[in-house]
Amino acid sequence: MGRTFIHASRIRQTARKRKHHSKFKTLINLLENNAYKIESSKPLHNGKLYKYWKNRRHLFSKIDTSPIYMTDELWFSVTPERIACFLTNFVKACMPNAERILDVFCGGGGNTIQFAMQFPYVYGVDYSIDHIYCTAKNAQSYGVDDRIWLKRGSWKKLVSKNKLSKVKYDCVFGSPPWGGPEYLKNDVYDLEHNLMPMGITKLLKSFLKLSPNVIMFLPRNSDLSQLSRATRKILGPFAKCKVLYVKENGYMKGIFCMWGECFFNYEPVSEENNLMEVCSENEEHSREEEHESTKANRDNGIDIYKLDG
Ligand code: MGP
């Protein structure tokens, strides 16, 4: 992998070798101080993060038994383990021969680690060296660091400078920053203006440069018409995006948006994998109405499903 990616099992050695570079100096400090290690039994001081701390065992099931590392930002942005595990199983079922997965905003490694449970080469990118460090440490705790390669960098720059195009990825996944817990302040989340580091159209375009199979984890209140417009603008008037609404313990957590033939050819409707065709939670909302709204979205190139975990 040359100098492009750091192997997760060798971050200490790599940091020492390249210690003259400022980002590696920071990495050495983080490693030496065992920074961001969570004491699972100690509630966080930051009251805003308390609800995420209460939910900590859903984020990383090993949090009581193995060292887990998280920054403040990771508390609210890491994908809960069962959701990440579901996604990995889904991708594996759709692409049984896939080998290389890129996780564009790898954060604390919630998705990267689950991908590495099933795929031999998983690449994680993040703008923050602290997050890269957390992903590597958490991957070590899950015993999958030997399958993970990491890179720190701004997504905009990495894409514009073609820094990632040497590897042929079977699938590109990303759970981009949504702007923090305030993402719900408006009824509808504006995917062109609120998503970081760029709006949905540019982000999708940048992912598709690297693979025809793309998945994003986006807010549950995302504006589906923007999703539809972005899909058609980039992929043509008949292109489709598949949307899975994801629930955990009865609470809606977000949506998985998928582009690529392989995700459409796979139609899991059995209870076994917890994926069901969309149906309303509100019984007063008639099935017919719902059928109409689903149909309208299908006509816009959006296929909707509900995952109730
Ligand atoms: P949430 O909606 O903030 O919490 O995050 P919750 O527990 O559903 O709160 P409630 O107030 O709705 O009851 C739910 C999940 O969304 C998190 O676990 C993350 O997986 C994801 N998530 C939330 N935020 C704010 C972000 C974000 O900024 N970026 C990314 N990538 N994911 C996020």
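Visitor: Which term describes how helix 6 and helix 7 lie to each other?

Guide: This is a predicted model, in which local features need pLDDT of at least 70 and side-chain atom pairs count only at pLDDT 80 or more, while totals for chains, interfaces and linings use all residues. Residues are numbered from 1 along each chain as its sequence is written.

Two packed helices are described by the angle between their axes and the distance between the axes. For helix 6 (residues 81–94) and helix 7 (residues 110–118), the axes come within 9 Å and cross at roughly 40 degrees; helices (H or I, at least four residues) and strands (E, at least two) are DSSP runs numbered from the N terminus, and axes are lines fitted to C-alpha atoms, for helices over the stretch in contact, with angles running from 0 to 180 degrees between N-to-C directions. Helix 6 and helix 7 are therefore oblique to each other, a term left for angles that are not under 35 degrees (roughly parallel), over 145 (roughly antiparallel) or 65 to 115 (roughly perpendicular).

On the side of helix 6 the contact is made by E81, A84, C85, L87, T88 and K92, and on the side of helix 7 by G110, N111, Q114, F115, M117 and Q118, where contact requires C-beta atoms, placed from the backbone, within 7 Å. By class, this contact has 5 nonpolar, 5 polar and 2 charged residues; Ala, Val, Leu, Ile, Met, Phe, Trp, Tyr, Cys and Pro count as nonpolar, Asp, Glu, Lys and Arg as charged, and the others, Gly among them, as polar.

A second pair can be set beside this one. The axes of helix 2 (residues 22–32) and helix 8 (residues 129–141) come within 10 Å and cross at roughly 45 degrees, so helix 2 and helix 8 are also oblique to each other, and their crossing is right-handed. Here K23, T26, L27 and L30 of helix 2 meet I129, D130 and Y133 of helix 8, a contact that divides into 4 nonpolar, 1 polar and 2 charged residues.

The ligand is surrounded by 16 residues, of which the closest are F76, S77, T79, S175 and W178; a residue is near the ligand if its C-beta atom, placed from the backbone, lies within 6 Å of it. Helix 5 (72–77) and strand 8 (251–259) are the elements that give two or more residues to this shell, and the largest share, 3 residues, comes from strand 8. By class, the shell holds 8 nonpolar, 6 polar and 2 charged residues.

Among the loops, N213 lies between helix 10 (200–208) and strand 6 (214–218). With 23 C-beta neighbours inside 10 Å, N213 counts as buried, on a scale where 20 or more other C-beta atoms, placed from the backbone, within 10 Å make a residue buried, 12 or fewer exposed, and numbers in between partly exposed. Leaving aside residues up to four places away in sequence, N213 touches M95, D170, C171, G260 and C262. In another loop, between strand 7 (241–248) and strand 8, N249 has a positive phi of about 50 degrees although it is not a glycine, and N249 is exposed, with 11 other C-beta atoms within 10 Å.

Technical notes:
A crossing is left-handed if the near helix is turned anticlockwise from the far one by less than a right angle, and right-handed if clockwise. Two residues are in contact if their C-beta atoms, placed from the backbone, lie within 7 Å.
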